[in-house]
Protein chains: 4
Amino acid sequence: MIRVGVIGYGYWGPNIVRNFQQAEGSLVVAICDKCDKSMRRAQQAYPGVRVSSEANDLLTAVDIDAIAVVTPVWTHFELAKRALENGKHVFVEKPFTSTVAQAEELIELAERKKLKIMVDHTFLFTGAVRRIRQLIDNDTLGHLYYYDSTRVNLGLFQHDVNVIWDLAPHDLSIMDHLIKQKPEAVVATGERHLNGVADIAFMTIYYPDNMIGHINVNWLSPVKVRTTLIGGEKKMLLWNDIEADEKIKVYDKGVQFTNGEAVYQQLVSYRTGDMWAPRVEQVEALRAEAAYFIECITQDKKPFNDGQAGLRVVSMLEAADKSLQEKGRVVKL
Amino acid sequence: MIRVGVIGYGYWGPNIVRNFQQAEGSLVVAICDKCDKSMRRAQQAYPGVRVSSEANDLLTAVDIDAIAVVTPVWTHFELAKRALENGKHVFVEKPFTSTVAQAEELIELAERKKLKIMVDHTFLFTGAVRRIRQLIDNDTLGHLYYYDSTRVNLGLFQHDVNVIWDLAPHDLSIMDHLIKQKPEAVVATGERHLNGVADIAFMTIYYPDNMIGHINVNWLSPVKVRTTLIGGEKKMLLWNDIEADEKIKVYDKGVQFTNGEAVYQQLVSYRTGDMWAPRVEQVEALRAEAAYFIECITQDKKPFNDGQAGLRVVSMLEAADKSLQEKGRVVKL
Amino acid sequence: MIRVGVIGYGYWGPNIVRNFQQAEGSLVVAICDKCDKSMRRAQQAYPGVRVSSEANDLLTAVDIDAIAVVTPVWTHFELAKRALENGKHVFVEKPFTSTVAQAEELIELAERKKLKIMVDHTFLFTGAVRRIRQLIDNDTLGHLYYYDSTRVNLGLFQHDVNVIWDLAPHDLSIMDHLIKQKPEAVVATGERHLNGVADIAFMTIYYPDNMIGHINVNWLSPVKVRTTLIGGEKKMLLWNDIEADEKIKVYDKGVQFTNGEAVYQQLVSYRTGDMWAPRVEQVEALRAEAAYFIECITQDKKPFNDGQAGLRVVSMLEAADKSLQEKGRVVKL
Amino acid sequence: MIRVGVIGYGYWGPNIVRNFQQAEGSLVVAICDKCDKSMRRAQQAYPGVRVSSEANDLLTAVDIDAIAVVTPVWTHFELAKRALENGKHVFVEKPFTSTVAQAEELIELAERKKLKIMVDHTFLFTGAVRRIRQLIDNDTLGHLYYYDSTRVNLGLFQHDVNVIWDLAPHDLSIMDHLIKQKPEAVVATGERHLNGVADIAFMTIYYPDNMIGHINVNWLSPVKVRTTLIGGEKKMLLWNDIEADEKIKVYDKGVQFTNGEAVYQQLVSYRTGDMWAPRVEQVEALRAEAAYFIECITQDKKPFNDGQAGLRVVSMLEAADKSLQEKGRVVKL
């Protein structure tokens, strides 16, 4: 039985607690939050669980095997570091850390201590992403041309991070999971309008072989959009995460070029066939992820969403920030 | 009666001929196309109109007052120049020219000759853009935050220009028409996959006062999207040009920041009110534009979509190309 | 403090318990369900509440003021009757009873005992129905022409009632709430395909002044549809209950007839103006309804969704069944 | 070469003329319309074609092989009869005739004269209906449960016929084409609000084996809907004719019943699999139909949309009118 302590019981914390409580093989033994109201909510929902305002109570508790860090990103490094130092596995909210250096230090520490780090890239456990991964792995889409995601809505404004750090980690972790190549460079543009941090931003990620990624994030959109287009040589895919039933549509569409007699006679032919919406499993992603964390600990497996995965996302975020500060300079990775 | 000669009778030419034929005060007297098949189509549709394969026949004809140039962009400059030199007003397809220098030369020539140049920025004459212009002019939207357009579909691939020169002129001319400020810098990223020119591209345009524009163009999308989000301080707007009936939706939504006791207590409040889809006039844009061209000539008016408007668009396209070649370098305008 | 006993803890019961537990002025003191598993679920969720498999324990308990009957429809009459006989107010799931006679008997009994009956017509408490009621009451729509609802999806099949008794009570209670006139006749058609009861059915309800209602219910639809069209003399309304944000759209559209010189010269003119989506309050309907039940008891108010409202719905269902059995005979109400 | 005379050049007539003009093997030699303006339009568009205001000129012309009747329904019988009597094949607009008796007389006359009758059930020639027919013929859908169509919009009001005669012939001809069984009874309900004929109506058609059809037609809807649900034992289909690209969606969804130990333990299981949108050929239906008419004449083939098909639709319309007059009485066919 893995005994879990959860630090942070704000917006996302209750979901973490519920899922580790329900997962087979794990038990939440303590919850920490600095805010009185959150503590009271936690105590009411889980009368049998210790509730504390002091992270230290959990970080040093002998009856805790793993710590879930569900706090603002600027606190991740310190909390995760102390957890690892105290011999505890860590489950860390995304984005993993505020800097690449922090991520590297945590990874090295965990390796030394033979402890697990899992970064909460929840989307990787959704039925939709799993299905897309299959369609790429079994070469249904063919060689990839582009990944283009739009993730916009009204709010929720964050005070400490800009819209890229808030929304893009979802896309960056999904791209990291789906695309085999290593990204080479990042360009980010954007603007701030209200509270001093960028609230609208656009991020281009260059990959080898002319593969290109693009992310459109915006806290000031009147409508909520969660749409990703993936273009492949063989097929093209539209993922609309807001649709209840037909989240993924695979289009048998494409373009072919053949040369005519002269260069200017290059012939284009378009292929338009059926569309197909594969059934997407309806599971609570976090439930599967919690079970996977427990499994990785008990069976000593390396999670695919480990510290390295978290680091890869943070390195792209860091590059995006650099680029954004210079209005879109190309930043090599 | 303004007698019009139309050079180019391929995809768009027939629409130009039909509208100048129907417009009050104008008459198409000659059509030119190098392709036999196009010539035959033109002759069949307009038995009373002269048809020729030689542009020169039209450019030098004494019974022609105005020339419409509806040919590939690389031919615009030469044809428009000769038309102006021969004392004819010109109506030129978008984009105006291949370079800023060409545009400037044509403008100067037209001024000297006291002739009109109109660039076919058709979208400015649609009910939708006219309605949006009203909503901005009467301050319904308030101070603008961003203009974010997605214009993607499968094909039609162009051989001589990339996807930016093919699709972005629509958005650039609309932005030029709607946004009061002068753009300051451009960043463009993108990739080529098939025929050596970029087929997917993303363009950021920086304006003063933190206003930002973004254009997503793609020839390799399985679905056709024509969606523009415009964020304003007072209201936000969604323009979906594919919708038959509710093209424009105005959202009474917004965000406000107020300071709490301490910096970290900054309070965000969201406003969510009604949505309103104003009726959009259903007119053929090109019909209104043709009438406006005739009106500008006969009443000696300066068109708002004149050579200067065409030049402003070309200068952004030229900057985008420069930026694209360096994977997204910021190019000042 | 109104002490509530809830009979039935299957699909809907937990929502009833939760809302009466949270409502100010009420307290759930006992829950009853015949099924062991449901009893265990109830006990686990509400450790402080008595749980029993015997309805009688609740119906005769001296510390219970009101009984919520959340069981299959064929048991409503018996349970509600015994509750009333024992001096308890009743909150009864829709549809109220299996027959008109049963409804009348309960109403008469409650009047004699000076007790309240409320029928759980939940939809009347949604933001959408409240908004539509306002638009009718303030004459925005004008004189009503028709109410046309489609309520179809895959399953959930009921064993004891047909698709009309399962799905149409929603629409019938909403129509009863929105439409001033008294319905005059019912026609129902439909078919059974799987388990001996109609799984697809169509119901027409005739009102005075040419107002007409229509309900399309279907357990065998591949897609979920919850769409209602309401046509009025002044404006027309589309209510799509599946939309998250723009549930109600009001169209400034209409038709006018004017006579020309001769009968066959009757002129039709169409009016097409703006569309408007008023903000719909996002509330949990059942929460408001629970509070209203408590308010009606403590302040001795007559609920608008009282036994009479329940009876009116049941009388239409009874008429629909009669009509359906004769493949669509007109049944006067 | 089949020489065609077209009577009626109002809304639909120009499409008929254009398609018979373009079809291989046919030539339009004369057009008739009583209205001066229509005659002028016809003459302008087809300078080489005779134009007349007298139907008789066409009906008796020796150089005409076939007459297309594109006039209001109440004139169909007289015009088609005289055309047949004069030895001409007829192509008649839908609905075929105003009464069953008229349809039978024309069929008998055509048989005697060995002439062809084709009724313009255009929809049968669309890519969508052809595709659905294939899906039924190759048993993809399995045994059919229901056909449920909604065909509503604002206007166009007809003066001489009600909304059923205006809009339902589309659905009735499609159902006649797709469903193997012979309909057994009709129930129609509806109301009139403006010009004395029903402007909203609902029609149920009973078939053997519990198959049921339903048609919802309405001239007073603020939105245009063209949606048909077809439920089959194996698969379910949604046809949205307004969608540009994914008109037909086939759902791998279904319900199965198995008996448990006792009757009330009947178990329901739902199957939810992939959705699939087969490519639908984009053709002008009328073009294919015109070619088919010519082919049926020249190769002496019996069209599937012959007088008998027209008669079957008229008999359902006639039954619907009878039912409607008695507010929904079941009318046996």
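Predicted model: local features only at pLDDT ≥ 70, side-chain atom pairs only at ≥ 80, totals over all residues.
Residues are numbered from 1 along each chain as its sequence is written, and chains are lettered from A and ligands numbered from 1 in the order in which they are written.

Helix 5 of chain A spans residues 100-113 (helices are DSSP runs of H or I with at least four residues, strands runs of E with at least two, numbered from the N terminus). Its 14 residues reach 20 Å from first to last C-alpha, close to the 20 Å expected at 1.5 Å a residue (the expected span being 1.5 Å times one less than the number of residues). Ala103(A), Leu106(A) and Ala110(A) are the buried residues of this helix (buried, 20 or more other C-beta atoms within 10 Å of the residue's own; exposed, 12 or fewer; partly exposed, in between; C-beta atoms are placed from the backbone). They lie on the same side of helix 5 because they cover an arc of only 65 degrees around the axis (the arc of the directions from the helix axis to the C-beta atoms). The buried residues pack against helix 4 (76-85), strand 6 (117-120) and helix 9 (307-325) of chain A. The face turned away from the buried side carries the exposed residues Ala101(A), Glu108(A), Glu111(A) and Arg112(A). Lys114(A), with a positive phi near 55 degrees, follows helix 5.

Between chains, nine residues of chain C are in contact with nine residues of chain B (contact, C-beta atoms placed from the backbone within 7 Å). No contact joins chain A and chain C, whose closest C-alpha atoms lie 9 Å apart.

Technical notes: Contact = placed C-beta atoms within 7 Å.
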